[in-house]
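Subject: Structure for your review

Dear colleague,

Please find below the structure that I am handing over to you, together with its sequence. I would be grateful if you would read the notes that follow with the structure open beside them.

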Amino acid sequence: MNDDARTNIGTPAPTPAGPGSAELRDQVERTRDELGQTVEALAAKADIKTQAKEKTAAVKDQAAEKAALLSEQIREKAGQAAQVVKDKTPDPLLEKTAQAAAQVRESAAKAGQYATDKAPDPLLERAGQAATAARANRTPLLVVAAAVAVFLLVRRSRGHRR
């Protein structure tokens with residue numbers, strides 16, 4: 001071995017200044033970038049907690065979308081059912097129903113006033129909460145009431161035939 005070889009051990013070789021050296025530097029830089037991206041991808045795959053959070057968020061969003069879609073479909077079907085019941089109910093029955101509803105409202109108002117006068121305050125608060133819930137769910141309650149009315153009318157008409 002000559003003295004130059006002994007003194008240059010462990011030191012990087014001088015970079016050539018030729019035309020291929022720029023290409024070599026570019027290739028090294030690209031390789032470093034690719035290696036960095038690969039390391040990031042491997043780190044992301046190893047991060048199970050983040051993957052679980054992302055999957056949870058995706059499932060939550062999907063469930064919310066399905067719930068909204070089903071809710072809209074239920075509202076639509078309830079409206080259609082109410083319209084069918086209204087269309088198939090004879091006019092005299094609708095009039096009687098309206099009169100009965102007016103009487104029930106009047107009686108309920110009287111009973112409500114009587115109950116308000118006689119009931120303790122905590123009971124009044126609970127009743128107010130129940131009334132608010134009923135007002136918020138008015139359409140389903142009306143559909144159920146109409147279905148019960150039709151059921152009772154059908155049952156009553158079958159009873160007269162016997």
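The notes below describe what was found, beginning with the chain as a whole.

Please bear in mind that this is a predicted model. The chain contains six helices and zero strands, and its pattern along the sequence reads α-α-α-α-α-α. Of its 162 residues, 2% are buried.

The next topic is the largest pocket. Its space amounts to about 1,000 Å³. The pocket is lined by 29 residues, and those closest to its centre are Leu94, Thr97, Ala98, Ala146 and Ala149. Helix H3 (48-88), H4 and H6 are the elements that each contribute two or more residues to this lining. H4 provides the largest share, with 12 residues. By residue type, the lining of the largest pocket consists of 19 nonpolar, five polar and five charged residues.

The structure has one salt bridge, in which the side chains of glutamate 106 and lysine 110 meet at 3.6 Å, N to O. Side chains of opposite charge can pair when their charged atoms come close. Lysine 110 and glutamate 106 lie four residues apart in helix H4 (residues 91-118), so about one helical turn separates them. The two partners fall into separate accessibility classes. Lysine 110 has a relative accessibility of 57% and therefore counts as exposed, the cut-off for that class being over 50%. Glutamate 106, at 47%, counts as partly exposed.

Val144, Val148, Phe151 and Leu152 together make a nonpolar surface patch of about 380 Å². One of these residues, leucine 152, is placed in helix H6 (residues 138-161). Leucine 152 counts as partly exposed because its relative accessibility is 45%, and a residue needs over 30% relative accessible area to be part of a patch. Helix H6 is also among the elements that give two or more residues to the lining of the largest pocket.

Yours sincerely,

A colleague

Terms used:
Residues are numbered from 1 along each chain as its sequence is written. This is a predicted model: local features need pLDDT of at least 70, side-chain atom pairs count only at pLDDT 80 or more; totals for chains, interfaces and linings use all residues. Side-chain values use heavy atoms; hydrogens and water are left out. Patches are made of residues with over 30% relative accessible area and no salt bridge: like charges are joined within 9 Å, nonpolar side chains (Val, Leu, Ile, Met, Phe, Trp, Tyr) within 5 Å. Accessible areas come from the Shrake-Rupley method with a 1.4 Å probe; for residues, only the protein chains shown count as cover. A salt bridge is a side-chain nitrogen of Lys or Arg within 4 Å of a carboxyl oxygen of Asp or Glu. Buried means under 20% relative accessible area, exposed over 50%, partly exposed in between (1.4 Å probe, protein chains only). On a 1 Å grid over the protein atoms alone, a cavity is a set of points where a 1.4 Å probe fits but cannot get out, and a pocket is an open set with protein on both sides within 12 Å along at least five of seven lines; lining residues have an atom within 4 Å of a point. Grid points are joined across faces, edges and corners, and a volume is the space filled by probe spheres set on the points. Ala, Val, Leu, Ile, Met, Phe, Trp, Tyr, Cys and Pro count as nonpolar, Asp, Glu, Lys and Arg as charged, and the others, Gly among them, as polar.
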